[in-house]
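User: I am new to this kind of file. Please show me how to read it.
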Amino acid sequence: MKYVYLFLLLSFLTQHAFSQDLHAVKGNLIDEQNAPVPFTTVALHRSADSALVAGVAADEAGTFSIPAKAGQYYLKISSVSYLNKIISPVRVAASDVLMGTVVLKSSAQRLAEVVVQGEKSQMELALDKKIFNVGKDLANAGGTASDILRNIPSVAVDVEGNVSLRGSSGVRILIDGKPSGLVSFKGGAGLQQLQGSMIERVEVITNPSARYEAEGQGGVINIILKKERQEGFNSSVDLLTGVPGNYGVAANLNYRRKNLNFFINYNIAYRDRPGRSSLYQEVYRNDSTFITQQTWANRQKVLNNNIQAGIDYYFDERNVLTGAYTYRGSTGKRFSDIYYNDYVGSLSNLRNVTYRKQDETETEPNSEYSLTYKRTFLRKGHELSADFRFLDNYESSDQLFTQQAYKADGRTPILPLNIQRSLNDEGEKQYLVQIDYVRPFAKGGKYEAGLRSSTRAMTNDFTVLEQNLAGTFVPLPGLTNNFVYDERINALYGIIGNKAGKISYQAGVRAEWTDVKTTLKQTNQVNPRSYANLFPSVHVTYDLPRQHALQLSYSRRVRRPTYNDLSPFMTFSDARNFFSGNPDLNPEFTDAYELGHIKYFEKGSVSSSVYYRYTTGKIIRIRRVAPNGFSTTQPENLATENAYGMEFAYSYAPAKWWKLDGSFNFFRAMIDGANLDASWQSDTYTWFTRLTSRFTLVKGTDLQLRGNYDAPQQTPQGSQKSIAALDLAVNREIFKKNGTLTLNVIDVFNSRKFRSVTRGANFYTESNGQFRLRQVNLTMSYRFRQAKKKKGFELEQ
């Protein structure tokens with residue numbers, strides 16, 4: 001660490017020595033609707049075709065400031081969503097040059113998913129967030145939101161679909177900046193219902209400010225869906241086929257006429273997904289070793305329907321009202337076959353064999369309603385927004401299990417056939433109100449304030465029945481109940497920020513009041529929780545010469561137990577390994593510190609950061625095994641976690657026909673669970689990396705390779721083994737560049753397997769799971785009535 005700090009200090013001193021004769025070219029970028037155009041590349045050149053002299057990316061408000069020596073320049077502004085713009089001449093003399101407000105005109109190339117000069121990279125780097133334009137990644141074609149997140153640097157998705165960021169599982173997942181019913185019941189696993197073709201970009205925010213909910217101690221992942229606002233009629237359609245069975249149609253339509261904009265996105269997809277896993281377990285009892293070998297084969301057939309429709313009404317250029325409705329429906333069947341082979345002493349002494357079969361029918365209709373108002377005032381950056389949302393989600397599951405135990409010969413029954421049925425109905429209703437206000441002051445300062453109130457009621461009516469000798473299904477004792485979850489969270493926040501010379505700062509605090517009550521109705525078990533917390537955040541940025549910048553940030557975050565974390569009902573598909581929540585679970589709190597650096601250059605950008613997290617009440621799932629070999633896994637609050645690491649990410653174009661995006665993350669995590677068990681401790685050094693390389697083979701044809709590697713890591717009860725995978729994709733422009741044809745192979749070597757070892761005082765367990773096998777997809781995209789521009793830029797002199 002001392003060498004890192006020494007390097008940063010020397011960089012600062014060296015660059016400061018060259019900064020004495022510099023001035024700045026400043027301005028604000030807006031579109032034709034007076035909305036900010038954030039994260040746009042703004043660069044100075046000596047002539048229209050000369051090399052880069054200096055450049056930056058505009059901030060979230062569309063504001064830019066480029067340091068430059070005295071002289072005459074061309075100012076180039078580049079964005080995939082707008083016509084590139086050149087302003088000439090720009091003369092820098094004895095003071096800063098104020099460009100004022102620069103208006104960018106919309107480009108009809110927004111939906112293009114091919115490499116064209118001046119388009120956005122797959123990965124855009126900023127100090128406070130990383131933006132991934134997922135449509136540019138050819139391997140994402142035909143995938144789901146879960147598949148897309150799995151390919152994003154620093155993000156990991158486990159075998160159950162749970163999402164983690166920089167090794168931390170406490171991640172807040174938002175869709176269009178707001179909570180979604182997709183992740184209410186199943187967490188990150190619910191994202192498998194969202195077709196990737198509906199997603200425009202993903203924002204990863206590792207150290208959020210007080211503007212964001214305090215939920216998510218690992219950070220925030222914001223999934224932005226496609227939505228057009230261009231004049232006239234715009235639409236596109238995607239057709240998909242794949243092996244194993246993966247079929248779908250997606251359509252996006254937008255019509256803009258004066259002050260009215262209508263948009264609708266629809267997707268229907270059918271997936272036939274096979275999966276497999278195995279488990280080896282030793283249980284030590286009475287000086288004997290009891291061994292179980294378990295294999296599991298699963299096939300899930302799901303039909304998903306997604307529709308999002310809405311209207312933007314512009315009262316005038318400064319007031320817009322948006323109403324939207326989203327429906328996501330999923331119906332599916334799941335078939336599983338589990339074999340248990342039981343041994344005593346060694347694998348040469350087989351005692352019995354058990355076969356269990358699952359047949360599940362599942363239905364999930366989810367609806368979301370939203371109404372949003374936004375007002376922009378005369379001064380740039382002065383705005384007010386209000387948002388109301390209602391989420392109405394439901395899930396119904398009907399599972400039938402048959403189980404038969406045999407002697408070692410696999411033919412002679414030991415017990416009569418056991419038939420069980422599990423019924424599970426879950427419902428959620430959530431109301432959300434949010435108001436945000438931003439007011440600039442002085443030259444570069446601004447105040448921000450807002451409030452948020454949410455009320456959520458969830459129910460889970462659960463019962464397990466077993467067929468008796470008379471053929472009648474009767475409830476099993478202790479496995480029938482109605483779990484009710486009531487949650488109310490109210491929040492206020494305030495932020496103040498300003499800029500003094502090369503230093504920008506922002507400080508804020510968020511206050512949240514939380515009331516949570518869980519009730520088991522049949523047994524009348526009530527568990528109320530109420531707590532109030534303050535969550536401060538500080539961000540300080542220093543702009544260095546020659547397109548460098550540093551940012552130091554701090555925030556306090558919380559991970560509240562989710563509905564599934566608290567629900568006591570156990571999964572019943574596996575008759576020997578049960579998973580449940582823990583009604584006594586408490587929230588975990590994290591203090592997060594980060595120092596980030598970013599460098600822009602002509603052919604790309606590179607960012608680096610060092611970070612540290614201190615967490616109390618760390619939530620981790622703990623496995624316990626009974627003497628009979630049956631296991632239960634539930635979340636527990638361990639004492640603390642100390643984690644620190646460094647991350648590097650880059651986007652680089654070595655040549656016009658070659659683009660690279662990559663990342664590398666190394667971290668150390670020390671977890672102390674001695675508050676519950678002295679053996680539940682770990683100290684791990686680990687790393688993971690992603691590299692995407694994209695080549696233009698011939699004009700209109702691209703080839704992409706992407707490699708992922710996650711190194712092994714220690715856990716409080718054992719270890720997770722390494723994961724390596726390679727994806728391959730090729731695409732071709734068709735129909736006079738109005739369409740693209742993409743062929744991809746996900747997990748070329750079928751190597752994306754999740755392997756782990758878990759140890760306890762009386763057991764040893766190895767598991768190996770692959771919930772998605774090698775996938776081959778063919779996708780065709782076609783864009784209707786996309787106006788073609790004759791030139792890729794607008795010249796202003």
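User: Which residues does Ser397 touch, not counting residues up to four places away in sequence?
Analyst: Contact means heavy atoms within 4.5 Å. Ser397 touches Glu360, Thr361, Ser422, Leu423, Asn424 and Asp425. This is a predicted model: local features need pLDDT of at least 70, side-chain atom pairs count only at pLDDT 80 or more, and totals for chains, interfaces and linings use all residues. Residues are numbered from 1 along each chain as its sequence is written, and side-chain values use heavy atoms, with hydrogens and water left out.

User: Is Ser397 buried or exposed?
Analyst: Buried means under 20% relative accessible area, exposed over 50%, partly exposed in between (1.4 Å probe, protein chains only). Ser397 has 5% relative accessibility, so Ser397 counts as buried.

User: How do I read an aromatic pair?
Analyst: Use the distance of the centres and the angle of the planes. Rings of Phe, Tyr and Trp (its six-membered ring) pair if their centres lie within 6.5 Å; planes under 30 degrees apart count as stacked, over 60 as edge-to-face and the rest as tilted. The whole structure has 25 aromatic pairs. In one of them, Tyr313 and Phe315 have ring centres 4.9 Å apart and planes at 85 degrees, so the pair is edge-to-face. Tyr313 is partly exposed at 36%, and Phe315 is partly exposed at 47%.

User: What are the values for Phe483 and Phe569?
Analyst: Their centres are 6.4 Å apart, with 80 degrees between the planes, and the pair is edge-to-face. Phe483 is buried at 1%. Phe569 is buried at 14%.
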